[in-house]
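Reader: I have a new model open and would like to go through it with you. Can we start with the sheet?

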Amino acid sequence: GFLKTKPKTPPTYLAMITDGDCEDYQEFLNTVNAFDNNTFFQVIVIGDQVTLEKLAFLKIKPNCDFVLMKDPHSVNEEVFLETLIHEKFISWTKNI
């Protein structure tokens, strides 16, 4: 019956801001892989000293992505939010 059905866990949006330095790369991988598909993991990379090859796997995962913002002060709030709420995130919300 209705009361025996467990409620579905609400989806989660998790944003992480980083300078792109990969000193703790294995720990980062473990953290990302610990989340199930009910969590969207968004990495916001600030600056231009990033190793994009180390973040490329995020583009493959359906619930992960990264955005590069060389200078976050150069964009207004609307552009910043549009950058975060992009097509991959919208598609994920429709499929969870």
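Author: One term first: two strands pair if DSSP finds at least two bridges between them. This is a predicted model. Six bridges join β2 to β3, and these two strands run parallel.

Reader: Which strands are in the sheet, and in what order?

Author: The sheet is open and has three strands in the order β1-β2-β3, with parallel pairing. The edge strands are β1 (12–18) and β3 (64–69), each of which pairs on one side only.

Reader: How far are neighbouring strands turned against each other?

Author: On average by 20°, direction ignored.

Reader: What stands opposite Val45?

Author: Leu68 in β3 does.

Reader: Which helix packs on the sheet?

Author: Helix α4 (residues 77–84) packs there, touching β1, β2 and β3, and its direction makes about 150° with that of β3. Helix α5 (residues 87–95) also lies across β1, β2 and β3, and runs at about 170° to β2.

Reader: Back to β2. Gln42 is in that strand. Is Gln42 buried or exposed?

Author: Buried. Its relative accessible area is 0%, and buried means under 20%, so Gln42 falls in that class.

Reader: What does Gln42 touch?

Author: Not counting residues up to four places away in sequence, Gln42 touches Tyr13, Leu14, Ala15, Met16, Asp65, Phe66, Val67, Leu84 and His86.

Reader: New topic. Which residues make up the largest nonpolar core?

Author: There are 12 residues in all: Phe28, Leu29, Val32, Phe41, Val43, Val45, Val50, Leu55, Phe57, Leu58, Cys64 and Phe66. At least two residues of this core come from each of α1 (25–34), β2, α3 (57–60) and β3.

Reader: And Leu55, what is Leu55 in contact with?

Author: Leaving aside neighbours within four places in sequence, Leu55 is in contact with Phe28, Val45, Val50 and Phe66.

Reader: Now charges. How many salt bridges does the structure hold?

Author: One. Asp65 forms a salt bridge with Lys59, and the closest N and O atoms are 2.8 Å apart.

Reader: Why does that pair count as a salt bridge?

Author: Because the cut-off between a Lys or Arg side-chain nitrogen and an Asp or Glu carboxyl oxygen is 4 Å, and Lys59 and Asp65 come to 2.8 Å. In general, side chains of opposite charge can pair when their charged atoms come close.

Reader: Are the two partners buried or exposed?

Author: Asp65 counts as buried, at 5% relative accessibility. Lys59 is partly exposed, with a relative accessible area of 45%.

Notes. Residues numbered from 1 in each chain as written. Predicted model: local features only at pLDDT ≥ 70, side-chain atom pairs only at ≥ 80, totals over all residues. Heavy atoms only, no water. Helix = DSSP H or I, 4+ residues; strand = E, 2+ residues; numbered from the N terminus. Buried < 20%, exposed > 50% of the residue type's maximum accessible area, 1.4 Å probe, protein only. Contact = heavy atoms within 4.5 Å. Axes fitted to C-alpha atoms, helices over the stretch in contact; angles between N-to-C directions. Core = buried A, V, L, I, M, F, W, Y, C linked by side-chain atoms within 4.5 Å.
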